[in-house]
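Hi,

Here is the structure I promised to pass on. Please have it open while you read; my notes follow below.

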Amino acid sequence: MDSTSRNTFDRRPTGSAVLRESVTETIRRAVFEELAETGYARMSMEAVTRRARVGKAALYRRWPAKEAMVVELVSEAAAAHLPATADSGALHDDVERFIRHTMADLRHPLAGRIIPDLVAESARNPSLREALHEAVLGPRRAAVATLLRQAVVRGELPGDIDMGLAVDIFGAPLYFRMLAVGGPTDDAYVTRLTHAVLAALAASR
């Protein structure tokens, strides 16, 4: 084993660090399960400790309150599923890829229950709305805006595009379909939605 490999190996968590990671993962699962089952408004730190089978100190030394805990864990999960921003060379491919990846994420049974609840709660809770917008929605919208700017540079979209409206168009129809009204989301739907989004983007001025 060379020195680089040894250094990499030596940096792996050991002992108490491994235990802390294990406890954090247990808490993470408990938070998402509690959110999906009871919703944000009814969820409590105490309920999470019971579900995770950990002491209260395990939560409070990581987060001061429920909102901070939920925002951090949800933002971490969202960051792992941000749209890819590598230049694909074609807006059509970016839109279709975004639709398919988002569909896969929203089909997760916990995500399909947690996201609508947090959206509804955010309408009643300005502090939660602001925190989620900064930590979750902001990075996601920024990633989509990157894809759109690349399309502008390639000449696929007009230079005077309304970027805010275009970002809304990129994902809103799919979220509404899957989280509100339901309906088929097969390959035929993906094809139709991709063409509809492209047409709407071209007219976003």
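**Overall picture**

Of the 205 residues in the protein chain, 34% are buried, where buried means under 20% relative accessible area, exposed over 50% and partly exposed in between (1.4 Å probe, protein chains only). This is a predicted model, in which local features need pLDDT of at least 70, side-chain atom pairs count only at pLDDT 80 or more, and totals for chains, interfaces and linings use all residues. Residues are numbered from 1 along each chain as its sequence is written, and side-chain values use heavy atoms, with hydrogens and water left out.

The protein chain has 10 helices and 0 strands; these are DSSP runs (helices H or I, at least four residues; strands E, at least two), numbered from the N terminus. Among contacts (heavy atoms within 4.5 Å) between residues at least 6 apart in sequence, 67% join residues at least 24 apart.

**Confidence**

The mean pLDDT (the predictor's confidence in each residue, from 0 to 100) is 88, and 90% of the residues reach 70 or more. Residues 1-19 have pLDDT below 50, and this stretch has 3 contacts in the model beyond near neighbours in sequence. Where pLDDT is low, the predicted coordinates should not be read in detail.

**Cores**

A nonpolar core here is a set of buried Ala, Val, Leu, Ile, Met, Phe, Trp, Tyr and Cys residues joined through side-chain atoms within 4.5 Å. The largest one has 25 residues, and Leu 35 and Met 69 have the most contacts inside it. Helices H2, H3, H4, H5, H7 and H8 each supply at least two of its residues, with the largest share, 6 residues, coming from H2. Apart from this core lies another of 22 residues, including Leu 91 and Val 190.

Back to Met 69: leaving aside neighbours within four places in sequence, Met 69 is in contact with Val 31, Met 43, Met 45, Val 48, Leu 59 and Trp 63.

**Rings**

Rings of Phe, Tyr and Trp (its six-membered ring) pair if their centres lie within 6.5 Å; planes under 30 degrees apart count as stacked, over 60 as edge-to-face and the rest as tilted. The count comes to 1 aromatic pair. The centres of the Phe 98 and Phe 170 rings are 5.0 Å apart and their planes are at 80°, so the pair is edge-to-face. Phe 98 lies in helix H6 and Phe 170 in helix H9, 72 residues apart. Phe 98 is buried at 6% relative accessibility, and Phe 170 is buried at 2%.

Best wishes
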